[in-house]
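Okay, thanks for coming, everyone.

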Amino acid sequence: MKQALIIIDVQNDYFKKGKMELEHPEESLEKINRLEEKFLKLKLPIIYIQHINYKNNATFFIPNTKGVEFHDGLKVKGHSIIIEKHFPNSFKETKLLEKLKELEIEQLVISGMMTHMCIDSTTRAASELGYQPILISDATATRNLFYLDEEVSAAQVQISYLSALQNFATVETSKEFLR
């Protein structure tokens, strides 16, 4: 089964001093780097998803800012496959599905940021499209959320979303996947 690694929104705004800091994105990036190394070694496709927010009221991922750029820690090269998106779902109004068909991909390995938004919607869509996704739990990151004046910790958000996504994907740690 031919796999592709999808790396979603590993962009500067999610890291320290960014406009939408997540909890421990550096630790997730370490795991993503290990996945990149495996896919590069096996000569399997890596697809980098980059969210660019063109809305007038955008607060992060603003075009032509340092925050919208991929984090320097990624292994993005001039020949890398980059798909631009404008919605949480990496398939919505992008060329991702077209690229996957062109590459004859049968299964997606999903990593990146934010678990409760883009990872969630992309994983569900990948499942619905028949890509039998494998979601790498520790190669994702999220943040604290608020609801009804209650703060929900990033750890609880992460656990909640990963537990729900088990219904749409095989959820594994990077260590389990890289065995």
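So, Ile 81: setting aside neighbours within four places in sequence, Ile 81 is in contact with Pro 45, Ile 46, Ile 47, Tyr 48, Lys 99 and Leu 103, where contact means heavy atoms within 4.5 Å. You'll find Ile 81 in strand 3, residues 81–85. Look at Ile 47: Ile 81 and Ile 47 are 34 residues apart in sequence, and their C-alpha atoms are 5.1 Å apart in space. Ile 81 has a relative accessible area of 19%, so it is buried. Our cut-offs are under 20% relative accessible area for buried, over 50% for exposed, and partly exposed in between, with a 1.4 Å probe and protein chains only.

A word on what we're looking at. This is a predicted model, so local features need a pLDDT of at least 70, side-chain atom pairs count only at pLDDT 80 or more, and totals for chains, interfaces and linings use all residues. Residues are numbered from 1 along each chain as its sequence is written, and side-chain values use heavy atoms, leaving out hydrogens and water.

Next, Gln 50, which is in strand 2, residues 46–51. Is Gln 50 buried or exposed? Gln 50 counts as buried, because its relative accessibility is 15%. A polar atom of the Gln 50 side chain lies 2.9 Å from the backbone oxygen of Val 68.

Now some backbone geometry. Most residues other than glycine have a negative phi, and most peptide bonds are trans. Which peptide bond is cis here? The one from Met 113 to Met 114, with omega near -15 degrees. Met 114 sits in the loop between strand 4 (107–113) and helix 3 (115–128).

Then there's Glu 104, not a glycine, with a positive phi near 60 degrees. Glu 104 is in the loop between helix 2 (96–102) and strand 4, and it counts as exposed because its relative accessibility is 60%. Asp 149 also has a positive phi, near 60 degrees. Asp 149 is in the loop between strand 6 (145–147) and strand 7 (150–152), and with a relative accessibility of 83% it counts as exposed.

Okay, zooming out. The protein has five helices and eight strands, and along the sequence they run β-α-β-β-α-β-α-β-β-β-α-β-α. The radius of gyration is 15 Å, close to the 16 Å that the globule rule gives for 179 residues, so the protein is as compact as a globular protein of that length. That radius is taken over C-alpha atoms, and the rule is 2.2 Å times the number of residues to the power 0.38. Along the principal axes, the C-alpha atoms fill a box of roughly 45 × 35 × 30 Å.

Of the 179 residues, 49% are buried. Taking contacts between residues at least 6 apart in sequence, 75% join residues at least 24 apart. That's the lot from me, so over to you for questions.

How values were computed: Helices (H or I, at least four residues) and strands (E, at least two) are DSSP runs, numbered from the N terminus. A polar contact is a pair of N or O atoms within 3.5 Å; within protein, one must be able to donate a hydrogen and the other to accept it, and residues adjacent in sequence count only if both atoms are side-chain atoms.
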